[in-house]
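User: I am new to this structure and would like to learn how to read its features one at a time. Could you take me through it slowly?
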Amino acid sequence: AGQLNTRALHTVAVGNDRVFKRHHAEGGIDSAVVLIMDCSGSMFDERMSRAAPVMATLLDTLDRAGVATSIITFGTHVSMLKPFGMTKAKAMPLLAGLKSGSDNSDSQALRYAHTLLLSRPEQRKVTFILGDGGVDRNDEKRCMEQSNAGENLGITTIGIGIVGDLSRMYKNNIYIRDLSDLANASFKQIKLAA
């Protein structure tokens, strides 16, 4: 859209599409984000009571910015909480009803998130994984390998360690020592997605 430059109209026949004096383009955020929430047994104390509202706020902020979002949870099993097509309004009550699983496999959830993002048309692809890092050494290694593989495919993975250091698993990570700092630290990283 814009005002036509009548002096350039004759060049349309040879493929010139720059025929406006002023061009108005709609800006937008071409990003897709998968949020991953650790729902293993070790998360169900004060950690989950702080992490679930932060996850909801991340979802709300990304939705308002026009970012395509999905939410995956994992405990004993990896589950889709919010597919990309689901509205934020339908997903919010589901975050309040998260249930605990006994064991966890961070690497399975991360692999699933990366698979979802690979099929997305957006240029920027980001995964946020909120967890406490309670995995065995083999899963730590698998997480690092999956994170690196995702990076090679253009997917940024950010680990948000809730009273747990995730640096051994994710190059991009935040270590939250005090749960009251969780929201502020998470939103400092949101610029990578939005």
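User: Which residues does S147 touch, not counting residues up to four places away in sequence?

Analyst: Before answering, please note that this is a predicted model, in which local features need pLDDT of at least 70 and side-chain atom pairs count only at pLDDT 80 or more, while totals for chains, interfaces and linings use all residues. Residues are numbered from 1 along each chain as its sequence is written, and side-chain values use heavy atoms, with hydrogens and water left out. Contact means heavy atoms within 4.5 Å, and by that rule S147 touches L110, H114, T157, M169 and Y170, leaving aside residues up to four places away in sequence.

User: Is S147 buried or exposed?

Analyst: A residue is called buried under 20% relative accessible area, exposed over 50%, and partly exposed in between, using a 1.4 Å probe and protein chains only. With a relative accessible area of 5%, S147 is buried, and this residue lies in helix 4.

User: How far apart are the end C-alpha atoms of helix 4, and what should its residues span?

Analyst: Helices (H or I, at least four residues) and strands (E, at least two) are DSSP runs, numbered from the N terminus. The expected span of a helix is 1.5 Å times one less than its number of residues, so the 16 residues of helix 4 (residues 137-152) should span 22 Å, which agrees with the 23 Å between its end C-alpha atoms.

User: Which residues of helix 4 are buried, and which exposed residues does the face turned away from them carry?

Analyst: The buried residues in helix 4 are D139, E140, C143, Q146, S147 and G150. Seen down the helix axis, they fall within an arc of 130° (taken from the directions from the axis to the C-beta atoms), so they line one face of helix 4. These buried residues pack against helix 3 (106-118) and strand 5 (155-162), whereas the face turned away from the buried side carries the exposed residues R137, N138, K141 and N152. After helix 4 comes G154, whose phi is positive, near 90°.

User: In what order do the strands of the sheet stand?

Analyst: Two strands pair if DSSP finds at least two bridges between them. Here six strands form an open sheet in the order 3-2-1-4-5-6, with mixed pairing. Strand 3 (78-82) and strand 6 (172-176) stand at the edges with a single partner strand each, so one side of each has no neighbour in the sheet. Strand 5 and strand 6 run parallel and are joined by five bridges, and G159 has N173 in strand 6 as its bridge partner.

User: Which residues touch the most other members of the largest nonpolar core?

Analyst: In soluble globular proteins, nonpolar side chains tend to be buried together. A nonpolar core is a set of buried Ala, Val, Leu, Ile, Met, Phe, Trp, Tyr and Cys residues joined through side-chain atoms within 4.5 Å. In the largest one, which has 28 residues, L35, M37, L95, F128 and L130 touch the most other members, and the largest share, nine residues, comes from helix 1.
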